[in-house]
Amino acid sequence: MPTRPTLGHSARALGGRARGRVSQYTGIGTRQIARRPPTWLPSPELAKGDPRLGLRDRWYLLGTSSLVSEEPVATRLLGEDLVLWRDGSDAPRLMGDLCPHRGARLSIGDVVDGELRCSYHHWRFDGDGQCISVPSQGGTCSLAERTRVSVSYPVVEQAGYLWAWIGETEPAPLDLPTEFSDSRYSTFPETVEWGANWLLALENLVDLMHAPFLHARSITLNEGITDDRVVVDDHDDGFEIRRRDQAGTNFDWIDIHTGALSYVRLDIPLPPSAGPGPALRILGFLTPRDNAATLVHFPRFREVAGRERRIWRTLYRLRMRGTHLHVLNQDKEMLESLRTVEEARRDEHLAQADRPVVHLRRALEPDLEAQRERFGLAPESAQAPVALAD
């Protein structure tokens, strides 16, 4: 099966730049390279703008600033194959991963004098996607002037992370959660990929009651009652959900934001073995790759200072990160078993504990339907009203 290029792995890294150089001068590995299966996955079978590929005109977290340096990086976001790179002023750029000359991948090119150069015929593009040079026609020419990369999206580097506005409208102000700028917090980034649609991934995040069951075999989520009811309260930018009869024990509340930068916020109590400090604060950001994959970003924060901060950071690196990845892997396995959104919902029977999932669907539907209409897509087929069991 072809290898999926991900954020943080350039197309060149997939083939191995160093191995390519060894092959160039010695011939070692040429047979292996020649027989290597295709690198690139086929394009999604959904039209641009289909909400199953993600909501457009939103800010999305790409990763930490270290994600891209000298070499361009290939990625797929909301069903589009894109290239992330830095221009001559070190500013991050994001544009279509397709050279308008012959369709080659720009991500297997180079950055030369602050411009992105396609490896196929060395056409060069500036940070806005404008062609600057066509070498076979002497460099600057009328052909270059009227040629651009098909799409280009704004990227902002803030709080040590890269944030991209994916859409057709003017970007809304990027309003980051306060945790990113609050010096009281010590933080660790975390990014994983789930082979599941973003809607299923988001429903999993608002599903409080899966924690005492799916995550019962974990260090941080193995306590608390399993028979409880869920309360939902709206606020200006989304809604908050909490368990009625339990607090401070498990994954017991979550704050959901559904605006221009969508994210969730939650606290998880930690055992004494995790070191000094209050509960672990987690922010969750979902970046849709396509209909079948989602990048899941979980930056983790803990309000600790001085010696306690040093102890916490040491314990997190040595032990706690692995236990948290264990929990995420449980989610990964379950979500990837759900297959598509349509299959997952086809015969579902919802309980009262699923109230947050129903609330989320109702909150998102106006934006989903508006996007379908804007891109000329057929409305979603009508479904029977959702009924929750007592």
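Entry 1, ground rules. I noted that this is a predicted model, in which local features need pLDDT of at least 70, side-chain atom pairs count only at pLDDT 80 or more, and totals for chains, interfaces and linings use all residues. I number residues from 1 along each chain as its sequence is written, and side-chain values use heavy atoms, with hydrogens and water left out.

I looked up the secondary structure and found nine helices and 22 strands in the protein chain, taken as DSSP runs (helices H or I, at least four residues; strands E, at least two) and numbered from the N terminus. The radius of gyration is 23 Å, close to the 21 Å of the globule rule for 390 residues, so the protein chain is as compact as a globular protein of that length; the radius is taken over C-alpha atoms, and the rule is 2.2 Å times the number of residues to the power 0.38. Along its principal axes the C-alpha trace spans about 75 × 55 × 45 Å.

I then turned to Q246, which lies in the loop between β15 (238-243) and β16 (253-257). Q246 counts as buried because its relative accessibility is 9%, buried meaning under 20% relative accessible area with a 1.4 Å probe, protein chains only. Its side chain makes a polar contact of 2.7 Å with that of D252. Beyond neighbours within four places in sequence, Q246 is in contact (heavy atoms within 4.5 Å) with G224, I225, D228 and D252. A polar contact here is a pair of N or O atoms within 3.5 Å, where, within protein, one must be able to donate a hydrogen and the other to accept it, and residues adjacent in sequence count only if both atoms are side-chain atoms.

Technical notes:
Buried < 20%, exposed > 50% of the residue type's maximum accessible area, 1.4 Å probe, protein only.
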